[in-house]
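Reader: I'm new to this one. Can you take me through it, a topic at a time?

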Number of protein chains: 2
Amino acid sequence: LKLRTDSPVKVERLRLAQRSFTRARICAAARSIFAAEGFDAATMEQVATASGTRRSTVYNHFRDKDEILAAIAEEFADGSVKLIHTLPRGLPSRADIDTWMDEVAAFTIREQIPTILLMNLGAGADIPPELEAVGVRLMQALAERLPAFRRALEPGPDQGLTQARARLVLQQMGMACLQLIREKRARQRGATSGRHMLSVAAELFERFAREGTL
Amino acid sequence: LKLRTDSPVKVERLRLAQRSFTRARICAAARSIFAAEGFDAATMEQVATASGTRRSTVYNHFRDKDEILAAIAEEFADGSVKLIHTLPRGLPSRADIDTWMDEVAAFTIREQIPTILLMNLGAGADIPPELEAVGVRLMQALAERLPAFRRALEPGPDQGLTQARARLVLQQMGMACLQLIREKRARQRGATSGRHMLSVAAELFERFAREGTL
């Protein structure tokens, strides 16, 4: 009697699936640990415990905390870039922008743990390169859609100011979403600060997209 | 022979001076510890060690970390309110605002540790009440000078949006100052991001002061 064994191709496919599953589990645990402890204070040990794996398994997937942060930030940027691609082509109207801002807010509420983590890291003494990379990807995706954001990436006498304005638009979107997340978490049903901040983000976005100034 | 002793009044004065000196030393140590470790991770033990006093001495002055944060935030707010009082009376010109922004930036560079700490706490999952109190004091001081900021504090149909705009102006000033501090700390002499962000803060401040919108 000959036992049937799985083909090497199938075994390899299962191994890769298992590996990516473990990786996703570690990332999910790390998101919670980083958000709860703060990125600087969190340890790989805590990430291992929270993900129910061994420390050696975590190191098998990620060299260090920075690599985990890079994976979390990249996934967040993937989702954000997809959202930017849903912006209508051409100059969006204020109504288009309002609808889109609601989708941005809904996305960050679903992804509230990385949103809090990234906003928090963005207000620290140093900006980690993993976060800079997210900013660059968002800016490039917006530049593909809107000439005003494109000018922020093109060398020229006004590039610095245009870049500062473009970043402010993104920053205000981020702060508004963070406020909406806070209100949601604190179950402040009647809260309006986040909505008003999102309106201000929409008004800045519209003016910047149309005129390149604020 | 009768020994001359200090009068009770003088003794009491010395005791109070000593007490306020110790308090200031604890605050100075706490600023560094909170900035280095993050406010959440820092312990009273670390504050005691850094200030060269006993843990019991720290508790003699402050009930908990929040009380130390309140003292640091209050001192920062005192300095900021003084700066707001240097704004010329009436509607400031763009040149007035630019000069004033330079003073704001110089103040935050001198006070870079509390600036980093407070900006960082302002981008967290919760805003601590000690930080809210700073925001309220700055807004009130600005409201005494400029009608646009006063409208942000007065109930009315547009209060929410006006408040969101006023906060954005303050937020952009804070982010610009934080970027200038980062550039200073990293000794990036040719860096221009912080200056451009400060210009954008000035342009928002001017428009908001003049028109109440952005």
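Reader: What area is buried between chain A and chain B?
Author: About 2,600 Å² in this predicted model. Carbon and sulfur atoms give 58% of that area.

Reader: How many residues does the contact take from each chain?
Author: Chain A puts in 30 residues, and chain B puts in 30 residues.

Reader: And how many salt bridges between chain A and chain B?
Author: The count is two. One pairing is A:Arg165 with B:Glu203, where the closest N and O atoms are 2.7 Å apart.

Reader: New topic. Which residues touch the most other members of the largest nonpolar core?
Author: A:Phe205 and B:Phe205. That core has 132 residues.

Reader: What is A:Phe205 in contact with, leaving aside its neighbours within four places in sequence?
Author: The list includes A:Trp100, A:Phe149, A:Leu142, A:Leu146 and A:Met173. Also among the contacts are A:Leu87, A:Pro92 and A:Ile97.

Reader: Which ring cluster has A:Phe205 in it?
Author: Ring pairs join A:Phe205 with A:Trp100, A:Phe149 and A:Phe208 in a cluster.

Reader: How many aromatic pairs over all chains?
Author: The count comes to 10. One of them is A:Phe34 with A:Phe39, an edge-to-face pair at 4.9 Å centre to centre, with 85° between the planes.

Reader: Why does A:Phe34 count as buried?
Author: Because its relative accessibility is 1%, and buried means under 20%. A:Phe39 counts as buried too, because its value is 10%.

Reader: Last one. What sits over the ring of A:Phe39?
Author: The charged end of A:Lys65, 4.8 Å from the ring centre. In chain B, B:Lys65 lies over the face of B:Phe39, at 4.8 Å from the ring centre.

Methods: Residues are numbered from 1 along each chain as its sequence is written. Chains are lettered from A and ligands numbered from 1 in the order in which they are written. This is a predicted model: local features need pLDDT of at least 70, side-chain atom pairs count only at pLDDT 80 or more; totals for chains, interfaces and linings use all residues. Side-chain values use heavy atoms; hydrogens and water are left out. A nonpolar core is a set of buried Ala, Val, Leu, Ile, Met, Phe, Trp, Tyr and Cys residues joined through side-chain atoms within 4.5 Å. Buried means under 20% relative accessible area, exposed over 50%, partly exposed in between (1.4 Å probe, protein chains only). Contact means heavy atoms within 4.5 Å. Rings of Phe, Tyr and Trp (its six-membered ring) pair if their centres lie within 6.5 Å; planes under 30 degrees apart count as stacked, over 60 as edge-to-face and the rest as tilted. A charge sits over a ring if NZ of Lys or CZ of Arg is within 6 Å of the ring centre and within 35 degrees of the ring normal. Buried area is the accessible area (1.4 Å probe) that two parts lose on being put together, summed over both. A salt bridge is a side-chain nitrogen of Lys or Arg within 4 Å of a carboxyl oxygen of Asp or Glu.
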